[in-house]
Amino acid sequence: MTPSAPLSASLLEILARYDTPTICNAMEIVAPERRLIGYTTRPLVCPFPDLPPMVGYARTVTIRSVLKSDLPPAEQARRRIDYYEYIGTGQGPRITVIQDIDGPDIGYGAFWGEVQSNVHKALGCLGVITDGSIRDIPQWAPGFQALAGSIGPSHAWVHAEHFGGEVRVAGMTVRNDDLIHADRHGAIVIPHDLAAKIPDAAELCGRRETPILEIARSADFSLEKLKAALKRSAEIH
């Protein structure tokens, strides 16, 4: 479900205070039917693990790099402008989600590097999630997060094929304007109608974990005390 207006900035800020595993825990409470869907299930490379979580609306793209675009140069230039207009407009902040459709040659050429990271940051994007490759890590736009399938040196014939449609990256299906939460661990789609319920559920998860962690980290840990802590945890609602 896509709302007619963005969710409040304050809600997005609150969601960004939690790491992505905590958001996944909270989702298990508010939407247990989504326990097997809606998040990345395969590992992605994160060159900037110390960056904070990002929360934004998806801009979806498919790319390929093994085959050269068959469009004439003028049409390629026009499509490049259309692409940037798509990325830089609509509700924000935005996260670019790119599926590489090169099949067995996925990641052959990098769409992302020094230029694209800086351009997309200037267009209002917080980062990229892609199963393709990225490059130019030292020259990357500061503060622009990246989760990628691989790191490679060349862009080959890379170009955007389509944008605005459904994509699937590392097991996560994403549609235009889906709300995404991501950090070094991976990413998850937060349904718009559930977003406001996530903070309370995340806090509940934390309260349930507290008695278990306290005894596990205690110098006088015992199995009996762990059993008691598990019982206390189960009683927290």
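Analyst: The model is predicted, so local features need pLDDT of at least 70 and side-chain atom pairs count only at pLDDT 80 or more, while totals for chains, interfaces and linings use all residues. Residues are numbered from 1 along each chain as its sequence is written, and side-chain values use heavy atoms, with hydrogens and water left out.

User: What makes up the chain in terms of helices and strands, and how are these elements defined?

Analyst: The chain has 6 helices and 12 strands. Helices (H or I, at least four residues) and strands (E, at least two) are DSSP runs, numbered from the N terminus. The C-alpha atoms fill a box of roughly 70 × 40 × 30 Å along the principal axes.

User: Why is the pair of Tyr 83 and Phe 111 called edge-to-face?

Analyst: The whole structure holds 9 aromatic pairs. Rings of Phe, Tyr and Trp (its six-membered ring) pair if their centres lie within 6.5 Å; planes under 30 degrees apart count as stacked, over 60 as edge-to-face and the rest as tilted. The ring centres of Tyr 83 and Phe 111 are 5.9 Å apart and their planes stand at 75 degrees, so the pair is edge-to-face. Tyr 83 belongs to helix α3 (residues 73–87) and Phe 111 to strand β3 (residues 110–112), so the pair ties together parts that are 28 residues apart in sequence.

User: What makes the pair of Trp 112 and Trp 140 tilted?

Analyst: The centres of Trp 112 and Trp 140 lie 6.3 Å apart, with 40 degrees between the planes, and the pair is accordingly tilted. Trp 112 is in strand β3 and Trp 140 in the loop between β5 (133–134) and β6 (145–147), so this pair also ties together parts that are 28 residues apart in sequence. Both pairs belong to one aromatic cluster, whose members include Tyr 83, Phe 111, Trp 112 and Trp 140.

User: How do you know that the charged end of Arg 59 sits over the ring of Tyr 86?

Analyst: A charge sits over a ring if NZ of Lys or CZ of Arg is within 6 Å of the ring centre and within 35 degrees of the ring normal. The charged end of Arg 59 is 5.4 Å from the centre of the Tyr 86 ring and is found to sit over it.

User: Why are β3 and β7 said to stand at the edges?

Analyst: Two strands pair if DSSP finds at least two bridges between them. The order β3-β5-β7 describes an open sheet of 3 strands with parallel pairing. In that sheet, β3 and β7 (150–151) each have a single partner strand, so one side of each is left without a neighbour. The pairing of β3 and β5 is parallel, over 2 bridges, and Trp 112 has Ile 134 in β5 as its bridge partner.

User: Why is strand β4 described as largely enclosed?

Analyst: Of the 6 residues of β4 (residues 125–130), 5 are buried, so the strand is largely enclosed by the rest of the structure. Strand β2 (residues 94–100) runs parallel to β4 and is joined to it by 5 bridges, and Ile 98 stands opposite Thr 130 in β4. β4 also pairs with β6 in the parallel sense, over 3 bridges.

User: What makes up the lining of the largest pocket by class?

Analyst: The lining has 12 nonpolar, 6 polar and 8 charged residues. Ala, Val, Leu, Ile, Met, Phe, Trp, Tyr, Cys and Pro count as nonpolar, Asp, Glu, Lys and Arg as charged, and the others, Gly among them, as polar. Helix α3 gives the most to this lining, with 5 residues.

Key:
Buried means under 20% relative accessible area, exposed over 50%, partly exposed in between (1.4 Å probe, protein chains only).
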